[in-house]
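Please have the sequence and the coordinates open side by side. The paragraphs below are meant to be read with the viewer in hand.

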Amino acid sequence: MTGMGRLIRGGERLALSHYRLEAAQWAEMLSAPGPTLPLVSCWVDERSASVLVLEGDRPLLASTPVEDRRYLAPSSRFPGAEWGERVGYDLYGVEAMEARGNGAPALDEGGWTSTWPLSGQPAPAAGGLRPLAGSHLLRPEQTGLSGPLEFSFEVHRGAIRTVEICAGGAHRGVVSRLLGKTPEEAMPLVSRMTAGGFVAHPLAFARAVAQARGLLPGPGIRDVWMILLEIERMSIHLLDMARTARGVDAQLLATHCDHAREAIARACSEQGVSRRLMDMVTCDGFCDGLEIVPLAQAVHATMQPRLAALEELQRVFAPRLKGFAVLDTRLAARFAVGGVTGRASGRGTDMRRREAGMRLEALRTTGSSQGDARARDGLRLSEIRDSLRLLERILGSIGLDDDEPAPDRTGEGIGVVEGARGDVWYWVRLKDGRIENLHVRDPGVSLIPVLESMLRGYPVSRVPAALGSIGLSPSGIAQ
Amino acid sequence: MKGLRRAAPLSVVYAFMDAVRWRPHAESATPRRDRPIGLYVLEAGGCEGCFMEIESLAGSAFALEQAGFVCVSDPEDADWLLLTGAVTRVCAEMVDRVWRAMPPGRSLIAVGACAVDGGPFPAGYATLGGLQALTPVRRSIPGCPPSPQDILDALQELARL
C-alpha cells in the first residue's frame, strides 16, 4: 500500500472502494510523500470533490466535502485533474483553490441558458459565445472528428506552440438527464453516450449498477458482454485505422478497413442485432433475442480472412506514420493515458486483464512503444487479432464458472470497461432504487492534457490527421 | 487465378485487386444529372452514431458517387447540408455559419432522430432539441442511427422529388 493509498484508506469508508476525507485529510493526501497514484478521473459537484485513482489495478475513490463553494484543488498534486475542476466550475460554480492552469471554461462557451446550470442557484447566462484566444482556429467542422470539438492555437513560424480545446459544442447535459432515473430507465441514454462506445459505456454502467446492488452477473452474462465488447473493439479499431490511413493518403488501406468494418456491421445485422451493437447491454445482462454464439461465429468468419491483407497493407504504409504525433512515455504515465494511445506509449494498462473470467492467454499483444501514429496503428491491428483469438477462447468455454464473490450491497458502485479507445469508468450512487449521483469518465478525457505536446511543432493543417490517429470521441469527453 | 484469389493477398497488387472486386455498385437506376449533388455533413452534438454511418456511406463500401452524390469538404461546394445530432446551443452558431456559406438552392436534411427533435436529448440548458427549434424540418431521414443503406435510399428518394 502506498503512502497516498494509506492516507485515502484512513478516511471514512463509504463503499467498497470509496473513502470520505475531511478537508485536513484531503490536504494531507494531496501533499503525501512518495509516488503519486495514477489519476483516472476528477469530478466535482456542489457537495463534494472526488478523485478516482488506481492503486495497482484497483480503483480507489476519495471524496471531500465542498465548503463555501470551494475545495483544495486536486490538480495541485494530480495535473490531470484540471479538466474535471474546470467542468465542475462550469456546471456548479464551485471553485478549485490553488488549481493549475488558466481556469478557462471547459464546457461553458457562453451559449447556455444559464451560468452554473446544475447548481442550486444558477446565475443568468452571460449571453453570446465566448471569443477564443489564439492566433489560429480549427473550427469544429474542420477537425475530421465525428463530433464538435474546437481548437485554438498559438502558431509561431507555421508551427503550433500552444493548444486550447473547447468541448462545449458536444456537451448535451447527459448526466443531469440521468439523475433521478432508475438504472433501467437510464440505460437507453447511457447507450447513446458516444458511438465510440455503444457497448463499452453501457457495460461500464451496468457493472457499476451491479456492484451498487451487490450483484454479480453470472459467467454466461459475463461472457456475452466480453464478446460484444470485442466485436465493438474490432469495429472501432478499423474506423480509427481508416481515418489514420486517410490522413496520410493511404487510400488502399483505408478501403480495406472500410470494407472490413462494414462486413462486421452486416454480420451483426444478419444475426438480428443492430449494426453497431447499440442497445444490446442491459443492467442485468443483454437484450432479449440475442444469440451470441452465431453472432460471434459470424463476425469471426467475416474478419479472420481479412487480417492478412490488412497486415500486409499496414506494413507498406507504416513508414508514413513513423514519428508522427508522438505521445511521450512519461506524459502517458503522468496523465494515465489509457487504451491504444497509452499502450503505444509504453503504458501497460489494459483493464481486461483484471476481469474475472478473462481468457488471459488470448491477450498476447505486445507492440511498439514509440508513441507515434505507427505504433498506435500497429497496436490496433494486433489487438484485432487478439479479439479474434479471444472470441475463439470464449466460444470454446462459454459460461465457464469461477469463484468470484459477489460484492456487498452498498448503494454505490464503480464499473470499468476496457473499450476500444481506452478505459471507460462509471461511478454511480443509488438511493431508493434511483440514480442519486453519477460520474462518467470517457478515455478521451485523459488525452486532453497531452494533446498540446503531441501537436506541438506541426502546422495546423496536420492536426486532423493527428487527431484521427488518436481516436477521440468528443461526445464522450463532453457528454 | 482462382487459387490466387482464395489465398490471402500477399502484395499491394492483390490487395488492390481485392478492393476493385469489392467495389460496390448502385443497385437502382440513378437519374442522370449534370453533376453530382454535393453533400456537406455536420455533426451538431449527438452521440456521433449518425455521423459515423454517413462516414461509412461516404467510404469505399458504398456506391455513393455512382448514385449521384459526392461528399464535399467546403460548404461553398455543397448543395445539401446533412445535419446529425441534437444541435447544442453552442453549435447553433456553427450550423448557421455553414448554412450561410452554402450557395443558393441549398437544402437542409436532418439525419437521425436527434437532428429532427433532439431524440433522447431534448431541449435543455445546453441543447436546443434538434433542428425543429431553429427551422421547420421538411426533409429528414429517421433512425437511431439509420444505416448507410437507409441513408442512401432516402437521399435517392429526396433527389427524385
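This is a predicted model: local features need pLDDT of at least 70, side-chain atom pairs count only at pLDDT 80 or more; totals for chains, interfaces and linings use all residues.

Residues are numbered from 1 along each chain as its sequence is written, chains are lettered from A and ligands numbered from 1 in the order in which they are written, and side-chain values use heavy atoms, with hydrogens and water left out.

Let us start with chain B, which has six helices and five strands; these are DSSP runs numbered from the N terminus, with helices being H or I of at least four residues and strands being E of at least two. Read from the N terminus, the order is α-α-β-α-β-β-α-β-α-β-α. Chain B has 161 residues, and 50% of them count as buried, that is, under 20% relative accessible area with a 1.4 Å probe and protein chains only.

Now turn to the sheet. Five strands of chain B form an open sheet with parallel pairing, in the order E2-E1-E3-E4-E5; two strands pair if DSSP finds at least two bridges between them. Strands E2 (69-71) and E5 (140-141) of chain B each have a single partner strand, so one side of each is left without a neighbour in the sheet. Inside the sheet, E1 (residues 37-43) and E3 (residues 80-84) of chain B are joined in the parallel sense over five bridges, and Leu39(B) stands opposite Trp80(B) in E3(B). Helix H4 (residues 92-101) of chain B packs on this sheet and touches E1, E3 and strand E4 (107-111) of chain B; contact means heavy atoms within 4.5 Å.

Next, find Glu53(B) in helix H3 (residues 49-58) of chain B. Is Glu53(B) buried or exposed? It counts as buried because its relative accessibility is 2%. The side chain of Glu53(B) makes a polar contact with that of Arg276(A) at 2.6 Å; such a contact is a pair of N or O atoms within 3.5 Å, and within protein one must be able to donate a hydrogen and the other to accept it, while residues adjacent in sequence count only if both atoms are side-chain atoms. Beyond its neighbours within four places in sequence, Glu53(B) also has contacts that include Arg275(A), Pro145(B) and Ile151(B).

Key:
Axes are lines fitted to C-alpha atoms, for helices over the stretch in contact, and angles run from 0 to 180 degrees between N-to-C directions.
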